[in-house]
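This briefing covers one chain and then the interface it forms. Please look at the sequence and the model first.

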Number of protein chains: 2
Amino acid sequence: MGASKSSAFTKKQNEIANIAKALSHPARVSIVQLLLKKESCVCGTIVDELPLAQATISQHLKELKLAGIIKGSIEGNSLCYCLDQKNLKLLSEFILPLLHYTSPIKCC
Amino acid sequence: MGASKSSAFTKKQNEIANIAKALSHPARVSIVQLLLKKESCVCGTIVDELPLAQATISQHLKELKLAGIIKGSIEGNSLCYCLDQKNLKLLSEFILPLLHYTSPIKCC
DNA sequence: TTGTATAATCGCAATATTACGATAATAATT
DNA sequence: AATTATTATCGTAATATTGCGATTATACAA
């Protein structure tokens, strides 16, 4: 017990949950917002802006990368991270229909 | 250490992270999808549809409720859960701008 | 009152996440 | 070659999550 029963759910449900999980930490939300705003997107500048140790940020970047929310490529002497939209779109396709929901029976 | 350093981030970043966290488990994604589809939204029918024990589902419902993604009210002899859109909108307002992003410098 | 159905809570074990110092790996500079 | 800068990885401690059986709480029915 304790492990997530992911095998019991559909592939898509697990994908959505994974993308949401990647955004389930304020540091990672913050990183994504930084990438959206910044001209440069090197990890170093991220370390300067967040109140976390370099090792911790590197770990968060790894998780975002694994979830397909950001992608990195070597640019000169340092790494460049940018947003990756494919999986974010998957999440938005899950959320948008929920916003247009109206309860079919009057109970809530 | 191990505790999330939430105090180091803005209120909004923490809110977004919390909503995302509520959706970061396939069971909870599944529950939300069920509420979107179903006529009735009693907890009992959710237990019938998911391969998890009643105690576990009750816990997941509690988390969704705490995150403000669903709301429950007593209806007759059982509880009725429905979607709550306010916080889902907050998350969508975070995600939608990301989809329209294009990298300012050619690096990714 | 007694029984039944529904859902929440408790207690626990198994796993997962978060954070950071220390260290390693890589590439550019001197 | 030695130094410096940047980022990844390792090891470890603290904390959080997941899942379920058992129990409790509540409302309705007999």
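Of the 108 residues in chain A, 44% are buried, where buried means under 20% relative accessible area, exposed over 50% and partly exposed in between, with a 1.4 Å probe and protein chains only. This is a predicted model, in which local features need pLDDT of at least 70 and side-chain atom pairs count only at pLDDT 80 or more, while totals for chains, interfaces and linings use all residues. Residues are numbered from 1 along each chain as its sequence is written, chains are lettered from A and ligands numbered from 1 in the order in which they are written, and side-chain values use heavy atoms, with hydrogens and water left out.

**Chain A**

- Chain A has five helices and two strands, taken as DSSP runs (helices H or I, at least four residues; strands E, at least two) numbered from the N terminus.
- Along the sequence, the pattern of chain A is α-α-α-α-β-β-α.
- Of the contacts (heavy atoms within 4.5 Å) in chain A between residues at least 6 apart in sequence, 47% join residues at least 24 apart.

**Interface of chain B and chain A**

- Chain B and chain A bury about 4,600 Å² between them, 74% of it on carbon and sulfur atoms; buried area is the accessible area (1.4 Å probe) that two parts lose on being put together, summed over both.
- On the chain B side, F9(B), L98(B) and Y101(B) lose the most area to chain A, together 14% of what that side buries.
- The contact takes 54 residues from chain B and 54 residues from chain A.
- Zero salt bridges are found across this interface, the rule being a side-chain nitrogen of Lys or Arg within 4 Å of a carboxyl oxygen of Asp or Glu.
- Helix 5 of chain B gives the most to the side of chain B that touches chain A, with 11 residues.
- By class, that side of chain B has 33 nonpolar, 14 polar and seven charged residues; Ala, Val, Leu, Ile, Met, Phe, Trp, Tyr, Cys and Pro count as nonpolar, Asp, Glu, Lys and Arg as charged, and the others, Gly among them, as polar.

**Helix 5 of chain B**

- The buried residues of helix 5 of chain B include L88(B), L91(B), F94(B) and L98(B).

**Q13(A)**

- Q13(A) lies in helix 1 (residues 11-22) of chain A.
- Q13(A) counts as buried because its relative accessibility is 10%.
- Leaving aside its neighbours within four places in sequence, Q13(A) is in contact with P26(B), V29(B), S30(B) and Q33(B).
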